Amino acid sequence: MTAFFATIRTSFRRQLTYRAANLSGLATNLMFAFFRAAVLIALFNEKNVVNGLTIQSAITFAGITQALIGFLSFFSWYDVMHAINNGEIGAHLLKPMNFFTYWLGIDLGRALGSFFIRSLPLFLIFTLFYNITLPDSLLQWLVFLLSIVLSELISFGWRFLVNLAAFWSPNAIGIGRFAFGLSWIFSGFFMPLDLFPDWLANFSRLTPFGASVYLPIEIFINNLKGFDLLQAVLIQVSWVIFFIFFDQLVLSRGVRKLVIQGG
């Protein structure tokens with residue numbers, strides 16, 4: 001565990017060193033948060049509620065989704081794929097740490113750094129311009145915090161799995177683009193799932209994409225209460241457990257096929 005926490009700490013510090021990249025990312029995400037909030041206000045056409053979603057919650061949705069982009073890194077991540085393609089994985093497998101655990105530590109450090117220097121400042125600035133919805137109880141806040149931690153674990157599990165495609169393809173970027181494209185559609189990032197047809201919205205919430213992006217938002221805007229709150233957390237925990245075991249299984253199969261410098 002000492003090596004795992006040291007990996008998180010090192011990755012966190014490295015994330016903080018990219019000041020220019022973080023500031024430009026913050027500015028870009030904030031600009032799109034304003035843009036998407038304006039689009040949603042126009043779509044609501046002066047109505048206060050559409051399909052159970054209030055305009056205030058829709059605006060909050062725009063701010064949170066943009067704030068979570070850097071934290072979750074859900075829509076593009078090829079670090080493991082590059083490590084497999086360039087043979088760097090050989091050095092990683094020699095580390096006194098499981099390959100999956102090592103990259104989990106790297107990603108948690110990155111996510112933690114991104115949360116403090118991009119996600120949190122972005123959302124605080126956003127709240128200066130819009131009247132947003134906040135969790136209405138301490139329980140709702142606590143479950144939300146738990147939910148975004150689980151979201152990051154789901155996000156990492158999915159991205160790690162997609163990157164493992166490099167074991168079977170010399171250029172798996174195309175597979176990655178298709179897989180991350182699914183994330184955009186079913187996560188509810190483009191548009192609140194509440195505005196989708198019920199069958200599609202319910203299905204999306206059960207996918208790892210909706211579970212990691214949209215369920216935390218529904219918790220934040222108080223759309224989920226009581227049993228629904230518990231159900232949302234159970235869905236997230238189920239995906240975390242699934243990815244921990246399935247990623248390890250696929251990784252073990254992939255390592256058997258690994259060839260570095262002919263050996």
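Ser 57 lies in helix α3, which covers residues 55-72, where helices (H or I, at least four residues) and strands (E, at least two) are DSSP runs numbered from the N terminus. The model is a predicted one, in which local features need pLDDT of at least 70 and side-chain atom pairs count only at pLDDT 80 or more, while totals for chains, interfaces and linings use all residues. Residues are numbered from 1 along each chain as its sequence is written, and side-chain values use heavy atoms, with hydrogens and water left out.

With a relative accessible area of 5%, Ser 57 is buried, a term that stands for under 20% relative accessible area, as against exposed for over 50% and partly exposed in between (1.4 Å probe, protein chains only). Its side chain makes a polar contact of 2.9 Å with the side chain of Thr 54; a polar contact is a pair of N or O atoms within 3.5 Å, of which, within protein, one must be able to donate a hydrogen and the other to accept it, and residues adjacent in sequence count only if both atoms are side-chain atoms. Leaving aside residues up to four places away in sequence, Ser 57 touches Thr 133 and Ile 221, contact meaning heavy atoms within 4.5 Å.

Thr 65 is also found in helix α3, and its relative accessible area of 2% makes Thr 65 buried. A polar atom of the Thr 65 side chain lies 3.1 Å from the backbone oxygen of Ala 62. Not counting residues up to four places away in sequence, Thr 65 touches Arg 36, Phe 189 and Ile 217.

The helix α3 also packs against α6, at an angle of about 160 degrees and with the axes 7 Å apart; axes are lines fitted to C-alpha atoms, for helices over the stretch in contact, and angles run from 0 to 180 degrees between N-to-C directions. The two helices are therefore roughly antiparallel, given that angles over 145 degrees count as roughly antiparallel, under 35 as roughly parallel, 65 to 115 as roughly perpendicular and the rest as oblique. Residues that make the contact include Gly 63, Ala 67 and Gly 70 of α3 and Ala 111, Ser 114 and Phe 115 of α6.

A further partner of α6 is helix α1 (residues 2-17), whose axis comes within 7 Å of that of α6 and crosses it at roughly 40 degrees, so the pair is oblique. Within α6 itself, Thr 101 is partly exposed, with a relative accessible area of 25%.

Among the buried residues of α11 are Leu 229, Val 233, Gln 236, Val 240, Phe 243 and Asp 247. An α-helix has 3.6 residues a turn, so residues three or four places apart point the same way. The buried residues of α11 pack against α6 (99-127), α7 (138-163), α9 (198-206) and α10 (208-220).

Two loop residues deserve a look at their backbone angles. Asn 222, in the loop between α10 and α11, has a positive phi of about 65 degrees although it is not a glycine, and its 16% relative accessibility counts as buried. Asn 51, in the loop between β1 (49-50) and β2 (53-54), has a phi near 50 degrees, a positive value in a residue other than glycine.
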